[in-house]
Amino acid sequence: MAKVKYYYDSDTLSYRRIEPKKGKKIFNIALFLLAAFLFGTLGLILLLNTSLLNTPKELSQARELRNNELQIDLFKKQILQMEGVLANIEDRDNNIYRLYFEADPIPYEQRNAGFGGINRYKNLEGFNNSDIIIDVTKRLEKLEKRMVIQSKSLDEIAELAKEKEKLLASIPAIQPVSNQDLTRMASGYGWRSDPFTKVRKMHYGMDFTSPRGTPVYATGDGTVLRADNRASGFGEHIRIDHGFGYITIYAHLSKYKVRKGQKVKRGDIIGYVGSTGRSQGPHLHYEVWKDKDRINPLNFYYGSLSAEEFSALLKAANQENQSLD
């Protein structure tokens, strides 16, 4: 029940009841309703923006979403680290390994090429985190492609290393007669006087004077092509195929201890000094062939001579004396 209010009337000297005005009453009611509506709406908005109305499933999904976003951030950092490590390997591959084995570097554009054609990521579109997922997927696929290219490059390097090792073992790199067994270096590669005709002619090998029976060594790994006396002027001789275009010839032997098709290693004894064939005395005539051309054997003795020994051999080889065959 509403409280009744009074006022004092000085004309009648009595208290009279205050009657509320009808318009004001309606205004008060409207103001109350408006306030109630505003506070109710504000309260509903606040309520909807809190977790009080979320179900346990929705709360779990929200936590899972936040965890996924965190995992994606960590994953992106790991990808960045892997890209850095791979870039370092690629740089060393191009500028050290491939350079050393004389292989062409792999161009940056080839290593980092993307994937052309149709949209490969259409099935990843339309989600809240589609941009992030597509970006991570692209980087992973690109990283995988770079790793495949690098793996193939390392396989190639491994094969080149094997070939390089084989090449270094095969090149005729030592003197065929030991220095301690040499009487003298009778004749070198170049124009010399023929011992039979006395006419200057090209001497395509080196003559090593040694006592008959002095051991003759294979100057590099290879396979014996010939071990016979059926070559004109060479007498008993041996030919070794070293691969990579290299062939060596050892002529005027007294005998040989290898046979055709036999594998030999650098430093193996293959025969002995003699004076068979077109020869003026016991010595070894030695030739080196590269890609069917006869070249100066003097260029290959880095594997068995000291600097002083090589210098003395060079001086003797350059003397235009008479050859022994």
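Q: Is His252 buried or exposed?

A: In this predicted model, His252 is buried, with a relative accessible area of 1%. The cut-off for buried is under 20% relative accessible area. His252 belongs to strand β10.

Q: Which residue in the hairpin of β9 and β10 takes a positive phi?

A: Phe244, with a value near 60°. The hairpin has two residues between its strands.

Q: How many bridges join strand β9 to β10, and in what sense do the two strands pair?

A: Strand β9 (residues 236-243) pairs with β10 in the antiparallel sense, over six bridges. Within that pairing, Ile238 stands opposite Tyr250 of β10.

Q: In what sense does β10 pair with β13, and over how many bridges?

A: The pairing of β10 with β13 is antiparallel, again over six bridges. Here Tyr246 stands opposite Lys290 in β13. There is also a side-chain relation between these two residues: Lys290 lies over the face of Tyr246, at 5.1 Å from the ring centre.

Q: Over how many bridges does β10 pair with strand β12?

A: Three, in the antiparallel sense, with β12 covering residues 269-273. Gly271 in β12 is the bridge partner of Tyr256.

Q: How should I read an aromatic pair, and how many are there here?

A: Read the distance between ring centres together with the angle between planes. Ring centres must lie within 6.5 Å; planes under 30 degrees apart are stacked, over 60 edge-to-face, and the rest tilted. By this rule there is one aromatic pair. Tyr250 and Tyr286 form it, at 5.3 Å centre to centre with 45° between the planes, and the pair is therefore tilted. The partners are 36 residues apart, Tyr250 in strand β10 (residues 246-256) and Tyr286 in strand β13 (residues 283-290), and the pair links distant parts of the chain.

Q: Are Tyr250 and Tyr286 buried or exposed?

A: Tyr250 is buried, at a relative accessible area of 0%. Tyr286 also counts as buried, at 0% relative accessibility.

Q: Which residues have the most contacts inside the largest nonpolar core?

A: In soluble globular proteins, nonpolar side chains tend to be buried together. In this model the largest nonpolar core has 23 residues, and those with the most contacts inside it are Ile238, Ile240, Tyr250, Ile270 and Leu284. At least two core residues come from each of β6, β8 (222-228), β9, β10, β12 and β13.

Q: What does Ile270 touch?

A: Leaving aside residues up to four places away in sequence, its contacts include Ile238, Ile240 and Tyr250. Val216, Tyr217, Ala218 and Val264 are also among them.

Q: Where is Gly205, and how far is its C-alpha atom from that of Trp289?

A: Gly205 lies in the loop between β5 (200-203) and β6 (206-209). It is buried, with a relative accessible area of 0%. The C-alpha atoms of Gly205 and Trp289 are separated by 9.7 Å, although the residues are 84 apart along the chain.

Q: Which arginine lies over the face of Tyr204?

A: Arg294, at 3.6 Å from the ring centre.

Q: Is Arg146 buried or exposed, and what does it touch?

A: Arg146, in helix α4 (residues 130-170), is buried, with a relative accessible area of 8%. Beyond residues up to four places away in sequence, Arg146 touches Glu83, Leu86, Ala87, Glu90, Arg111 and Asn112.

Q: What are the totals for the protein?

A: The protein has five helices and 14 strands. Of its 325 residues, 30% count as buried. Among contacts between residues at least 6 apart in sequence, 66% join residues at least 24 apart. The accessible surface comes to about 21,300 Å², with 57% belonging to carbon and sulfur atoms.

Terms used
Residues numbered from 1 in each chain as written. Predicted model: local features only at pLDDT ≥ 70, side-chain atom pairs only at ≥ 80, totals over all residues. Heavy atoms only, no water. Phe/Tyr/Trp six-rings, centres within 6.5 Å; stacked < 30°, edge-to-face > 60°. Helix = DSSP H or I, 4+ residues; strand = E, 2+ residues; numbered from the N terminus. Buried < 20%, exposed > 50% of the residue type's maximum accessible area, 1.4 Å probe, protein only. Lys NZ or Arg CZ within 6 Å of the ring centre and 35° of its normal. Contact = heavy atoms within 4.5 Å. Pairing = 2+ DSSP bridges. Core = buried A, V, L, I, M, F, W, Y, C linked by side-chain atoms within 4.5 Å. Areas by Shrake-Rupley, 256 points an atom, 1.4 Å probe, with all protein chains shown as cover.
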